[in-house]
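Trainee: I am new to this structure and would like to go through it step by step. Could you show it to me, please?

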Amino acid sequence: MIPGIPQKYGNLQTFLKKNGYKKCGSGSYGMAWECSDGTVIKFFENDRAYEDFVKYCRLSRNIHVPVFYSGVKKIGNYKCVRMEKLSNTRIRRRITIANLIQEKLDGGVVSVQNLKFFNDHPRLIKVIKWISKTTWSEDIHYGNILFRGNVPVIIDPVAH
Ligand SMILES: Nc1ncnc2c1ncn2[C@@H]1O[C@H](COP(=O)(O)OP(=O)(O)O)[C@@H](O)[C@H]1O
Ligand SMILES: [Mg+2]
């Protein structure tokens, strides 16, 4: 078993490693692996909130959500979806952005930094509106904010 990974993914991980996939990261519900063609496959077991988000992303065409190349598919015991590869460096910046997004979701008085950030990224507000309208819980932290170049991308903002 690989440390830090839920045991349920053990066999799948062995298979992916043997077949040349590279792990990008994992969270409480799933894991992401890079394929040889540069795309990423996100695997998960049971995450209706995420499936809902994927549907929203595929319809919204918002630059601040991931590009998915397929709908969610079930393969054996897992579900998966193919998506664009995003960057997970710049942790400090991602923490700051997660805080700014949370502040906006909370809807209280906001800082000048917050006003400037949303002024610079106006299309993020649409994603925030979607998050606040769903019945899922919010799940905003730096692990769920990645980058496409300089563009912040929310990859997984809701949880069940
Ligand atoms: N498209 C992607 N490109 C690069 N890394 C990714 C991608 N999707 C997810 N990851 C990495 O995998 C981690 C877990 O993905 P996430 O979708 O948040 O799963 P979970 O539902 O378990 O939280 C992320 O924090 C990130 O580091
Ligand atoms: Mg996550």
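Trainee: Where is the place of arginine 90?
Mentor: Helices (H or I, at least four residues) and strands (E, at least two) are DSSP runs, numbered from the N terminus. In this scheme, arginine 90 sits in the loop between β5 (78-83) and α3.

Trainee: How should I read the model and its numbering?
Mentor: This is a predicted model, where local features need pLDDT of at least 70, side-chain atom pairs count only at pLDDT 80 or more, and totals for chains, interfaces and linings use all residues. Residues are numbered from 1 along each chain as its sequence is written, while chains are lettered from A and ligands numbered from 1 in the order in which they are written.

Trainee: Does arginine 90 count as exposed, partly exposed or buried, and what is its phi near?
Mentor: A residue is buried if 20 or more other C-beta atoms, placed from the backbone, lie within 10 Å of its own, exposed if 12 or fewer, and partly exposed in between. Arginine 90 has 16 C-beta neighbours inside 10 Å, so this residue counts as partly exposed. Most residues other than glycine have a negative phi. Arginine 90 has a positive value, near 55 degrees.

Trainee: Does arginine 61 count as exposed or buried?
Mentor: Arginine 61 lies in the loop between α2 (48-60) and β4 (73-75), and its phi is also positive, near 55 degrees. Because this residue has 9 C-beta neighbours inside 10 Å, arginine 61 counts as exposed.

Trainee: How many Å apart are the end C-alpha atoms of helix α3?
Mentor: The expected span of a helix is 1.5 Å times one less than its number of residues. For the 16 residues of α3 (residues 91-106) that gives 22 Å, and the end C-alpha atoms agree, being apart by 22 Å.

Trainee: Which residues does asparagine 114 touch?
Mentor: Asparagine 114 lies in helix α4 and is partly exposed, with 15 other C-beta atoms within 10 Å. Leaving out residues up to four places away in sequence, asparagine 114 touches Leu100, Glu103 and Lys104.

Trainee: How many Å separate the centres of domain 1 and domain 2?
Mentor: The bounds come from an automatic or database domain assignment, which gives domain 1 (7-83) and domain 2 (91-159). Eleven residues of domain 1 are in contact with 18 residues of domain 2. Taken over C-alpha atoms, the centres are separated by 21 Å.

Trainee: Which residues come nearest to ligand 1?
Mentor: A residue is near a molecule if its C-beta atom, placed from the backbone, lies within 6 Å of it. The shell draws at least three residues from each of domain 1 and domain 2, and β1 gives the largest share, three residues. Of the 21 residues around ligand 1, the nearest are Cys24, Gly25, Gly27, Tyr29 and Ala32.

Terms used. Two residues are in contact if their C-beta atoms, placed from the backbone, lie within 7 Å.
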